[in-house]
Amino acid sequence: MTHAEFLALAREYGFEKVYFLPLDRYDLGSNPHRLVADAALDFPFASCVAALVFPYAPFTASERIPAYYLASNRAYHARKALIDRLRDAGLTVEKAEIPVRTALNRARVGAALRTGFISIEPFGTRIVLECLAVSDLTPLEYSESPAVPCRNCGACIKACPAGAIGEKGVDYEKCFRAFMETAAHPDRIRDAQTTYIGCEVCQYCCRANSHLEKSEPANDVKQAFDTRRLILGDTKQARSLVGKNMTSGGKLTAEAIAFAARDGEYCKEILAQSDSPFDAVRDAVRYANERYKTL
Ligand code: SF4
Ligand code: SF4
């Protein structure tokens with residue numbers, strides 16, 4: 001298989017670009033996400049790592065349904081299907097969880113932003129990146145290195161609800177995402193959260209994305225994320241759309257309760273969740289009660 005044939009196959013699954021990177025070593029410090037530190041050691045069969053770029057359209061900034069997590073779940077399934085096709089074509093392939101933004105920066109691909117995201121034209125930061133260790137294909141050289149748009153811009157510093165972004169980058173100990181991995185969110189996050197599951201504020205305000213067309217969630221997605229439905233615990237459809245890993249422990253119900261409490265809606269339905277088996281949901285009911293003493 002040639003690089004062009006690989007790309008053509010990847011495009012069938014929504015990966016619009018593929019970068020063929022060397023099998024590098026990475027200094028990962030304490031490596032909390034257990035990423036691959038030495039690609040050649042972990043994948044002795046491989047001759048390169050293919051970084052796959054899955055672009056998606058953002059929603060409008062007022063939309064609470066998270067465009068990224070919907071896309072991430074689609075990219076996950078697309079990657080699995082692509083691996084099967086590549087293996088059918090005779091390649092040896094495995095998922096490779098390397099620090100992909102570092103690898104792309106090192107290969108002179110994309111622009112490294114103050115927010116820690118990478119912007120790849122023409123998609124900006126609105127991409128999901130997946131990596132595969134692949135046999136039989138050589139790494140390629142790149143020299144994209146587009147101008148970094150952060151100079152004379154501080155939009156993300158102003159917009160970040162956590163105050164996590166400074167001139168030199170993100171303090172990940174303050175970033176909301178660090179506190180949203182499980183279902184239990186601190187009240188300060190329930191007060192300021194703008195989208196389900198994770199925070200996208202610094203992507204919505206980013207210059208690198210200003211040219212992107214916004215889209216609307218499809219009707220089935222809107223129905224799945226109907227606030228009342230999620231409060232009542234009917235989360236199955238929504239979880240199938242965004243993936244189950246990021247939504248366990250009653251997370252979507254707890255988040256829907258917090259959104260509704262802020263909006264002053266669905267008081268009766270929220271109170272009905274007082275006996276939920278999920279700690280996070282009961283805590284969200286407590287949050288709602290404190291927010292609306294009249295509940
Ligand atoms: S909002 Fe501006 S400063 Fe922040 S990452 Fe985007 S371009 Fe850079
Ligand atoms: S994801 Fe949200 S909390 Fe984290 S740095 Fe971006 S805007 Fe701030």
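Predicted model: local features only at pLDDT ≥ 70, side-chain atom pairs only at ≥ 80, totals over all residues.

**Entry: helix α3**

With that cut-off I asked what covers the buried residues of α3. I found that the cover includes α1 (3–12), β2 (48–55), β3 (93–95), β6 (127–134), α8 (219–224) and α10 (236–242). The buried residues of α3 are A67, Y68, Y69, L70, A71, S72, A75, A78, R79, L82 and L86. I checked the length too: α3 has 22 residues and reaches 32 Å from its first C-alpha to its last, close to the 32 Å expected at 1.5 Å a residue. Just after α3, I noted that G90 takes a positive phi of about 105°.

**Entry: domains and core**

I looked up the division of the protein and got domain 1 (3–134) and domain 2 (162–198 + 218–291). Their contact takes 12 residues from domain 1 and 15 residues from domain 2. On the side of domain 1 that touches domain 2, I read off 6 nonpolar, 4 polar and 2 charged residues. The C-alpha centres of the two domains lie 28 Å apart.

Next I turned to the largest nonpolar core, which has 95 residues. V49, A50, A51, L52, C131 and I257 have the most contacts inside it. Helix α3 (residues 67–88) gives the most to this core, with 9 residues.

Leaving out residues up to four places away in sequence, A51 touches V18, Y19, L21, V100, A103, L104, L129 and C131.

**Entry: helix α13**

I ran the length check on helix α13 (residues 279–291) as well: at 1.5 Å a residue its 13 residues should span 18 Å, and its end C-alpha atoms are 18 Å apart, which agrees. In α13, I found A280, V281, D283, A284, V285, Y287 and A288 buried. Their cover includes α6 (187–192), α11 (251–263) and α12 (267–271).

- R108 is not a glycine, yet its phi is positive, near 65°. R108 lies in the loop between α4 (100–106) and β4 (111–112), and with 12 C-beta neighbours inside 10 Å it counts as exposed.
- Y266 is another non-glycine with a positive phi, about 55°. Y266 sits in the loop between α11 and α12 and is buried, with 21 other C-beta atoms within 10 Å.
- The peptide bond from E121 to P122 is cis, with omega near 0°. P122 lies in the loop between β5 (118–119) and β6.

**Entry: ligands**

I finished with the ligand shells. Around ligand 1 I found 13 residues, the closest being L113, C150, C153, C156 and C206. That shell divides into 9 nonpolar, 2 polar and 2 charged residues. Ligand 2 also has 13 residues around it, and C160, C175, C199, V201 and C202 come nearest. Its shell divides into 11 nonpolar, 1 polar and 1 charged.

Notes. Residues numbered from 1 in each chain as written. Chains lettered and ligands numbered in written order. Near = placed C-beta within 6 Å. Nonpolar A, V, L, I, M, F, W, Y, C, P; charged D, E, K, R; others polar. Domains from an automatic or database assignment. Contact = placed C-beta atoms within 7 Å. Core = buried A, V, L, I, M, F, W, Y, C linked by C-beta atoms within 7 Å. Buried ≥ 20, exposed ≤ 12 C-beta atoms within 10 Å, placed from the backbone. Helix = DSSP H or I, 4+ residues; strand = E, 2+ residues; numbered from the N terminus. Expected span 1.5 Å × (residues − 1).
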